[in-house]
Amino acid sequence: MTELDPTALHQMNPLKRFSGLAEDYAKYRPSYPPEVIDVIVSGLGDTSQLVAADIGAGTGIASRLLADRGVWVWAIEPNVDMQQAADPHRGVTFQIGSAEQTNLSDSSVDLVCCFQSFHWFDHDKCLPEFRRILKQSGRLAVVWNDRDQTNEFTQGYSDLVRHLSNQHPAEERLVAAQPLQTSSEFCNVHEHIFRYQQALDLPGLIGRAQSVSYLPKEDDVQQQLLAGLQTLYDRWSDNDGLVYLTYRTQVFLAEPSE
């Protein structure tokens, strides 16, 4: 596959593309290993005193993980369906906004996080916005669960999604962190990698695939998807009736420039 410019993704209607997918997203999207939250909040002080902005929060999967540590979280999410599908948490407040216009005050947060969302943003606009709302002592965290292609089942699942999505550019995020690494708004970018597995039964596997926003919803594509998933499940399910999607969870941490 040729190298793709991830900034083009923000032109693909990211604000509405998850409409109608919120229920599957809330139920079947993977979480993140505890070590991810550990490294994100490390060195920032008492977590009960921290305020975070989770940008493109979706149904609040990562927002709740942060709030479980005592962080007070603004979950910035433009899609109403996603907000309504979110499980409530007393430490999470949803707010309509976007990466490019969060509607938060200057220097108001200690942490800006983008979990599985940074590649959808207009980086020329969102990175100055993140810098604006961050305190000078704060931190930006960009996180992806990237499917581990060295795992045979995960590779088979990925091949199926790539084929049926017509090689959608969101499947390739190898260069997605470059806008952060070359931005004048942030410095001292460091990468951390963790391993993570998501156990799924057959309905869960189907729901996981159907939460992908760029898979076409036409009947023929969905029939091919279900047939392909059934084949993968029949081959790889264990004695408990489970298959395991394996991820390399990438975490990029950066500090605001002076």
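Figure 1. The structure is a predicted model, in which local features need pLDDT of at least 70, side-chain atom pairs count only at pLDDT 80 or more, and totals for chains, interfaces and linings use all residues. Residues are numbered from 1 along each chain as its sequence is written, and side-chain values use heavy atoms, with hydrogens and water left out. The whole structure contains seven aromatic pairs; rings of Phe, Tyr and Trp (its six-membered ring) pair if their centres lie within 6.5 Å, with planes under 30 degrees apart counted as stacked, over 60 as edge-to-face and the rest as tilted. The ring centres of W72 and W74 are 4.8 Å apart and the planes stand at 80 degrees, so this pair is edge-to-face.

**Figure 2. The aromatic pair F118 and W144.** The centres of these two rings, F118 and W144, are separated by 6.2 Å and their planes by 65 degrees, so the pair is edge-to-face. F118 belongs to the loop between β4 (109–115) and α5 (123–133), whereas W144 belongs to strand β5, so the pair ties together parts that are 26 residues apart in sequence. Helices (H or I, at least four residues) and strands (E, at least two) are DSSP runs, numbered from the N terminus. F118 is buried at a relative accessible area of 0%, and W144 is buried at 1%. Both rings belong to one aromatic cluster formed by F118, F121, F130, W144 and F252.

**Figure 3. Helix α6 and its surroundings.** Helix α6 comprises 13 residues (152–164) and reaches 18 Å from its first C-alpha to its last, close to the expected 18 Å, a span calculated as 1.5 Å times one less than the number of residues. Among its buried residues are F153, Y157, L160 and L164. The cover over the buried residues of α6 includes β5 (134–147), α8 (202–210), α9 (219–236) and β7 (243–256). At the N-terminal end, N151 caps α6 through a side-chain oxygen 3.3 Å from the backbone nitrogen of F153. Just after the helix, N166 takes a positive phi of about 60 degrees.

**Figure 4. D148 in the loop between β5 and α6.** D148 is found in this loop and is buried, with a relative accessible area of 6%. Its side chain makes polar contacts with the side chains of T150, at 2.6 Å, and R195, at 3.0 Å. A polar contact is a pair of N or O atoms within 3.5 Å; within protein, one must be able to donate a hydrogen and the other to accept it, and residues adjacent in sequence count only if both atoms are side-chain atoms. Leaving aside neighbours within four places in sequence, D148 is in contact (heavy atoms within 4.5 Å) with residues including T154, R195 and Y247.

**Figure 5. The cysteines C114 and C126.** The whole structure has zero disulfides, a disulfide being a pair of cysteine sulfur atoms within 2.5 Å. The sulfur of C114 has its closest cysteine sulfur in C126, at 6.6 Å, which is too far for a bond. C114 is buried at a relative accessible area of 0%, and C126 also counts as buried, at 0% relative accessibility.

How values were computed:
Buried means under 20% relative accessible area, exposed over 50%, partly exposed in between (1.4 Å probe, protein chains only).
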